[in-house]
Amino acid sequence: MALILCGREAEIPYYYERLDLSVYSLEELGYALGHYLILVPDHFVNPELCRWLSEALGEKELGEKLLQLLEMGEKEERLIFRLIRESSYYTEKEVEELSQEWRRIHALSEAERREKMGDSFFSLGKYKKAVDAYQDALHFEENGRRIRKIGECYIQTKEFQRAAESYRRLYEKNHDKMAARRLYFLSKMCFPKDKYQSAFQDLEEGLTEVWEKEWQEGLSLARTAPEMHKIEEAYREGKEAFLSFAKEKIASWKEEIRGRV
Amino acid sequence: MKVIGIALSDEYTDISLYREEYTYRFPTLLSRERKGDRFYIGEEAYKKNLDGGVILVDKLLSLFKKKGSATISETCYDAKELLGIFLENLLLEGERRVQGREIPEEEGKDTLVLSVRDADVELMSSLNELVKEKFSGQYAVQLISHTESFSHYILRQDKKLYNRQVGMLEFSSQVLHYYEMQVSKGTKKYAISVSEAQPDALSFGILEDPRGRRMTDQVLSGLCDRLTKSKVYSAFFLSGKGFENTELFPEFMKKIVRGRRVCVESFLFSIGALYYGRLLGKGEEEECLLLCDTRIGADISIKVTKKERDFPLYLAHAGDSWLKETEDIRLLLENQDYIDFQVQDVSATNRGKQYRMSLTSFPKRERRCTKVSLRTSFHGNAVAGIEITDLGFGDLWKGSFQSIKETIPLKGKE
């Protein structure tokens, strides 16, 4: 239990592009680096960052030291960990653990590293970036897990057609029942509706009926959900009110989806 | 370095520029031409009023305190504006009077110190706002009370004069005020000063009449007996316009000088403010801690950690002016949903008191992902106001910006 004394905050943030994150303090920078070590890009410590540290944060000594080390050709790992230590966000023990994790990450194969990057992006809700990372991993080495993860990403971004394609590919690869189930439900949201009918022909008898029953139960629940009530209420208020409500709702969904990219 | 000390009151205002000898007294009066926008202050304002053609406004400080206003030829001026104009003109007139005189050359920041008798929280805060607004572009500005100014004056005197208790009586129109100061002996050096208005009010008007003078002498003698009973003073001071001529009060003077050193300084407060301004201009403070109505009497701290090292972080030190602006502090909560404040009264021998502020109403987040800002403010020297705001953690965790406010007593019982 403690109160950690923080340093100054910058008026103008540093934009950490890979995480699509605006950073205002050394503590936030420490958190972003340490929690998403796999996502730290090459040459993260650069003159622009050093200038921001010196000028915007008032950490003149740190900014100048890092710039000096950079110019001397210091290794990326040492620069990153100098920054993590100076953030004072982690204890020395935690920094040691992060250092070990860094080594583990850099010992991974390219495919494994890309997949882990995808996992990090997924946890951050950056599903489009996660897809790109998983695709890269797939390019190096194809496996079902990576295909499934791509499918999961497309579900989050509501690109059901693409999600369905991923699960179809996964099912064709290893006849995974879970993939077939996902494909069944996704096919309900695709056009034409019978596009993936052929994929279910080899399934054991009665399985699609069970899934259909689940689908119908889900639809019934959805019809009585509070969100649905709001839509029905808006509809009852008349054409203009409903159109205005719909416009707002669609805009908020778009905003939500864009945030997931 | 330009140093100016001003002692402001409803009756008169003293201004000391650069040196003690360049001290001038102005009635706190302002007048404006009926047809025109020229302002006059002090005696000149009074003379112009006698000639006609101006409208006179007096008791500017009381008007300011009441947040009043005055209409001069169909223009309504609020009290803040009028007091501001008076002070601006006072400075101009003061500068005009010292023009051509020998001015000491000293390195430092131009400083203006304003002293008022009443350390009322609202008055001081409003006045502080006014002087900063008007003069902070040209001067480092500081507002103090007469009690504090008294301390600064005494501490500049020979040590023999304050090796015991020091007393002072201020005699202004309608005002009799008693001041006392004691410097502690021992390793912790602090100077405690207090003041108290006396119930006897005497008008200058009655001093023109011999009976009036005798009556005043009797009142002052009685006061002397009451105040100095069983007290030992290393020195006693007399200040204010009323004591410009002490020969008017022979009985009082006989009593007050018996067995003690008595010094008369009518302009004590503006000179005390000037002395303090000189220190501030050089970036210095008094050697000993000042404890009075404009200074906090306790250290306030919280325990924080940085790079895994624990240490106390002082939000304010005893002796700090409670008008001083404080900077917000930012803290990250590490598995902690409260903040403990340690208050140590500097003149007490106990370990101080601890006050806990609970932060359980703040949103629950991942460990070390709640940053809070802590703001300290003072409502006089007896109470600290604490405001803690949830900032979230940058763009990573959106803040609720919910604030929790509490007050902490700085002296006496909880």
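The dialogue below goes through aromatic pairs, charges over rings, backbone angles and one record annotation in a predicted model.

Student: Which residues and atoms do the values rest on?

Tutor: This is a predicted model, in which local features need pLDDT of at least 70 and side-chain atom pairs count only at pLDDT 80 or more, while totals for chains, interfaces and linings use all residues. Residues are numbered from 1 along each chain as its sequence is written, chains are lettered from A and ligands numbered from 1 in the order in which they are written, and side-chain values use heavy atoms, with hydrogens and water left out.

Student: How many aromatic pairs does the structure hold over all chains?

Tutor: Rings of Phe, Tyr and Trp (its six-membered ring) pair if their centres lie within 6.5 Å, and planes under 30 degrees apart count as stacked, over 60 as edge-to-face and the rest as tilted. Over all chains, the structure holds 24 aromatic pairs. One of them is edge-to-face, because the rings of B:F39 and B:Y77 have planes at 80°, with their centres 5.7 Å apart. This pair links distant parts of the chain, since B:F39 belongs to strand β5 (residues 39-41) of chain B and B:Y77 to strand β8 (residues 75-78) of chain B, 38 residues apart; strands (E, at least two residues) and helices (H or I, at least four) are DSSP runs, numbered from the N terminus.

Student: Are B:F39 and B:Y77 buried or exposed?

Tutor: Buried means under 20% relative accessible area, exposed over 50%, and partly exposed in between (1.4 Å probe, protein chains only). B:F39 is buried at 14% relative accessibility, and B:Y77 is buried at 8%. By contrast in geometry, B:F243 and B:F252 are stacked, because their planes lie at 15° with the ring centres 5.7 Å apart; B:F243 is buried at 1%, and B:F252 is buried at 0%.

Student: Which charged end sits over the ring of A:Y89?

Tutor: A charge sits over a ring if NZ of Lys or CZ of Arg is within 6 Å of the ring centre and within 35 degrees of the ring normal. The charged end of B:R368 sits over the ring of A:Y89, 5.4 Å from its centre, and B:R356 lies over the face of B:Y338, 3.8 Å from the ring centre.

Student: Where is A:S88 found, and what is its phi?

Tutor: A:S88 has a positive phi of about 60° although it is not a glycine, and this residue is found in the loop between α4 (76-86) and α5 (92-107) of chain A. A:S88 is buried, with a relative accessible area of 9%.
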